[in-house]
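Good morning, everyone. Please have a look at the structure on the screen. I will walk you through it in short steps.

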Amino acid sequence: MPKRSEKRDAAKADYLTQLSKGEKVNLRELADKVGVSYQTIRNWKAADKWDDDIPKRKRGGQPGNTNSKGHRNAKGSHDGAPKGNKNAEKDGAYSAIFFDMLTEEEKELCEKTPCGSLEALKHELQILKLREHKILSKIAEYEAMKDDELITSSVLDMRLPKKGKDGAVQQMGMYTKDSAFQRVLKLDEALYKVQGRIATIANSLKAIEETEKRLEIDKRRLDIMYMRASGTIEIEDPVDGMFDDMMETGDETIYE
C-alpha cells in the first residue's frame, strides 16, 4: 500500500488554518505552495472532506477580537446604555415609558388622568366631542372653498448639484394635491368613527346611570323592610309610590 503523502496533510492543515483566520483560500496558490497540481489539491479536498473539519465560528466577536475595545458597550463593561436610553427612537408613538424619568408636567398629567370607569368614560367623551367639533369645523371650511381650488397634500423636492446658466440650483418638484371634495370625504370617514365611539360611550354611561338608580331604589326598599321588621316605625312603603310615578312618566326601563 503506497505511503500517504505528507503534502496532502500539510495542504489540508494550511487550508483549515487560513479559513479559521477568516481568510479566503485560493486553491491554485495553495497547490503552488505545496508543490502539487491544482487538480491534485481539488481531489484531496473532495476525498478528505476538508470542509467538514472547518471550525464553527460563534456569533459575535471571535476570541481575541478587540474591535469594541474602549467602547462603553464593550463586553465586560458595566456601563452600557444608560437606563431609559432612547438612542434608537424615531418618534414617540411607540416609545417605552419609564415613570421614574417623566418630567414634572408628564407626572402631573398622569396623576390627573381618571382611572375609574365612569370618570374615564366621561373624560374620553369630552375628548371625542372636542375632536368632533374640530372635524366639523374643518369640513365647513372645505365646503366653503371654490370647486376648482386644490390643497397641497405632499411635496417631493429633488435638488440637483448641477447649476443652470443663471447660476441658480436646478430642482425638480413633484406635488400631490387634493380637491376640497376629497378632503371632505376623508373627514366624513373620520367623523363617522368618532361619532360611533361617542354613541357607544353614551350608551355605557346611560347603563351605569340606570344601574345606580336601581341600586338606590333597592337600598331604600331594604331600609324600609328593616325598619318594619324591627318595629322601629310603621309607614307605607314610599318606594311603591315611586314605581307608580315612574310608570306614569314612562320610565319603565329601570327594571327591564
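**Helix contacts and a few residues**

Let's begin with a contact. In α2, Leu27, Arg28, Leu30 and Ala31 meet Tyr38, Ile41, Arg42 and Lys45 of α3. Contact here means heavy atoms within 4.5 Å. Helices (H or I, at least four residues) and strands (E, at least two) are DSSP runs, numbered from the N terminus. By class, this contact of α2 with α3 has five nonpolar, no polar and three charged residues. A word on the classes: Ala, Val, Leu, Ile, Met, Phe, Trp, Tyr, Cys and Pro count as nonpolar, Asp, Glu, Lys and Arg as charged, and the others, Gly among them, as polar.

Now the ground rules. This is a predicted model, where local features need pLDDT of at least 70 and side-chain atom pairs count only at pLDDT 80 or more, while totals for chains, interfaces and linings use all residues. Residues are numbered from 1 along each chain as its sequence is written, and side-chain values use heavy atoms, with hydrogens and water left out.

Back to the pair. At what angle do α2 and α3 pack? The angle is about 105 degrees, and the axes are 8 Å apart. Axes are lines fitted to C-alpha atoms, for helices over the stretch in contact, and angles run from 0 to 180 degrees between N-to-C directions. So α2 and α3 are roughly perpendicular to each other. The cut-offs: under 35 degrees is roughly parallel, over 145 roughly antiparallel, 65 to 115 roughly perpendicular, and the rest oblique.

Helix α3 has another partner. Helix α1 (residues 6-20) packs with α3 at about 75 degrees, with the axes 10 Å apart. That makes α1 roughly perpendicular to α3. Lys7, Arg8, Ala11 and Tyr15 of α1 make the contact with Ile41, Trp44, Lys45 and Ala47 of α3. By class, there are five nonpolar, no polar and three charged residues in the contact of α1 with α3.

Stay in α1 for a moment. Asp14 sits in this helix. Is Asp14 buried or exposed? Asp14 is buried, with a relative accessible area of 16%. Buried means under 20% relative accessible area, exposed over 50%, and partly exposed in between (1.4 Å probe, protein chains only). The side chains of Asp14 and Gln18 are joined by a polar contact of 3.1 Å. A polar contact is a pair of N or O atoms within 3.5 Å; within protein, one must be able to donate a hydrogen and the other to accept it, and residues adjacent in sequence count only if both atoms are side-chain atoms. Not counting residues up to four places away in sequence, Asp14 touches Leu30 and Lys33.

Next, two loops. Ser37 is in the loop between α2 (27-34) and α3 (38-47). Ser37 is partly exposed, at a relative accessible area of 38%. Its side chain and that of Thr40 are joined by a polar contact of 2.7 Å. Lys49 is in the loop between α3 and α4 (104-112). Lys49 is exposed, with a relative accessible area of 51%. What is the phi of Lys49? Lys49 has a positive phi of about 50 degrees, although it is not a glycine. Most residues other than glycine have a negative phi.

On to the next pair. The axes of helix α5 (residues 117-143) and helix α6 (residues 180-230) come within 9 Å and cross at roughly 155 degrees. The two helices, α5 and α6, are therefore roughly antiparallel to each other. By class, the contact of α5 with α6 has 18 nonpolar, two polar and eleven charged residues.

Glu141 is in helix α5. Glu141 counts as partly exposed, at 43% relative accessibility. Arg183 is in helix α6. Arg183 counts as buried, at 17% relative accessibility. The side chain of Arg183 makes a polar contact of 2.8 Å with the side chain of Tyr142. Arg183 touches Tyr142, Ile151, Thr152, Ser153 and Asp178, not counting residues up to four places away in sequence.

Last, the whole chain. It has seven helices and two strands. From the N terminus on, the order is α-α-α-α-α-β-β-α-α. Of the 256 residues in the chain, 18% are buried. That is my tour.
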